[in-house]
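Let's take a walk through this protein together, one stop at a time. Have the picture ready and follow along.

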Amino acid sequence: MSPTPVVLHNARIVDGTGAPPVLDGVLVIEGPTIRWCGPADEAPDDLDLRRATRVDLGGRTVCPGFIDAHVHFALPGPVESPLAGAAEPFSYRTLKVLERLRVTLHNGVTTARDLMGLDAGFRRAVAERRVAGPRLLVAVSMLSQTGGHADFRLPSGIDAFDAAVAFPGSPPGVVDTVDDIRTRVRELVAAGADCVKLAASGGVTSPHDQLGLRPEMIRAAVEEAEAYGGLPVAVHAIGEPGIAAAVRAGVRSIEHGYALTDELRAEMAERGQFLVPTLLETMNDPDPATVPAAVHAKAVHWHRVAQESVARSVEAGIRIAMGTDAGLIAPHGQNLKELGLLVRIGGMTPLQVVRAATSDAADLCGVGDTTGSLAAGKAADLVVCGTNPLDDIDSLADPAHLHAVLKEGCLAIDRTGVLTSAGLPALIP
């Protein structure tokens, strides 16, 4: 027997496509999927809901589950040093990851793309509902050349990534020739990666800013990723040379993209490439008492460049997808703070921002057929909000306003009891 349908009515529907909100909306959930969504007076005649459980949402807003296209669940965020894991057993590090997954899901993110750190086992555990968390896509490792952003070897000879972040069996990140990078991409495919992450420039905390993958290496990675399952390639790129090499190699997304030029913006828009701005990580400069003076100065410089750049990228018509870099500097579970930043700093409208964090992010991550909008046949991933986010986008950053979160038709959390009467199954029994 098919699952009893659940009808959510008297709802404001923001469907994630960029369409205007539906003020008297109805959403029908049947098992893990959405059966129908739209205005109450347009429900089709053949929508037989005699067995349905009806829930009056009292004018609350329903949005698609949000998608963070750039996270690092293996990293702790500001609560501790990323090197803390070097002194911890893998079992303990794993349990800390599970808590980060849970709080991220409960705070409105139902899909997340981990761009270095987690292996495919975490994705499987979440998919099998052994642990609570967003639907996961994993890059496993990040690739760069010796001395680049993926080279975490310390002067002591210790590899900080292997010691503190990586899980056993993850392919190493350092590649120094075109043949190396082709082989490593194949190894990542074999390890279950959903995408390939490259570093085409240094980072804010990297000692060597200009050491990024050469254009021929980026092109080789794109070719291999395309040949083995059409995997998208995401590229960390802050400086102009690295951005240019990545854009012209045909990558799917530029992560950060601080030093974009108008010429490169036009190329990205024409190619349909995505920018993931990660503004949240630029909001707090490192404490000058805890980092070298050069690192602090570099952070201050690049964070200002990043914030000045995003609005021009939006105006140029580049597709924007939400990403936070949560785990590096931004805390886990505060992902939706990025939405307000994209409005205030990026000049986007709240409706555009919701789209960037739902259907556009789903397209970037390759899951647009499964999630990202409230439409028949999509997964019932949704957030019931106690506010109207189109009037107050920052309200989504406060978990108290996220009254309920559903993933694949199952309750991840119901803070106010609004869906208690729906009879929906718990995500984790």
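Predicted model: local features only at pLDDT ≥ 70, side-chain atom pairs only at ≥ 80, totals over all residues.

Is Ser253 buried or exposed? Its relative accessible area is 0%, and anything under 20% counts as buried, so Ser253 is buried.

Who are its contacts, then? Leaving aside residues up to four places away in sequence, Ser253 touches Arg113, Val233, Ala234, Val235, Phe274, Val276 and Leu364. Take Val233: it is 20 residues away from Ser253 along the chain, yet their C-alpha atoms are separated by 6.7 Å.

S12 belongs to an open sheet of 6 strands, with parallel pairing and the order S9-S10-S11-S12-S13-S14. At the edges stand S9 (142-143) and S14 (319-320); each has a single partner strand, so one side of each has no neighbour in the sheet. Further in, S10 (residues 196-199) and S11 (residues 233-237) run parallel and are joined by 4 bridges. There, Lys197 sits opposite Ala234 of S11, and Ala234 is also one of the residues that Ser253 touches.

Last stop: two helices. H5 (residues 215-227) packs against H6 (residues 240-249) at an angle of about 35 degrees, with the axes 9 Å apart. The crossing is right-handed. H5 brings Pro215, Ile218, Arg219 and Val222 to the contact, while H6 brings Ala245, Ala246 and Ala249. Sort those residues by type and you get 6 nonpolar, 1 charged and no polar.

Technical notes: Residues numbered from 1 in each chain as written. Heavy atoms only, no water. Axes fitted to C-alpha atoms, helices over the stretch in contact; angles between N-to-C directions. Left-handed = near helix turned anticlockwise from the far one by under 90°. Contact = heavy atoms within 4.5 Å. Nonpolar A, V, L, I, M, F, W, Y, C, P; charged D, E, K, R; others polar. Buried < 20%, exposed > 50% of the residue type's maximum accessible area, 1.4 Å probe, protein only. Pairing = 2+ DSSP bridges.
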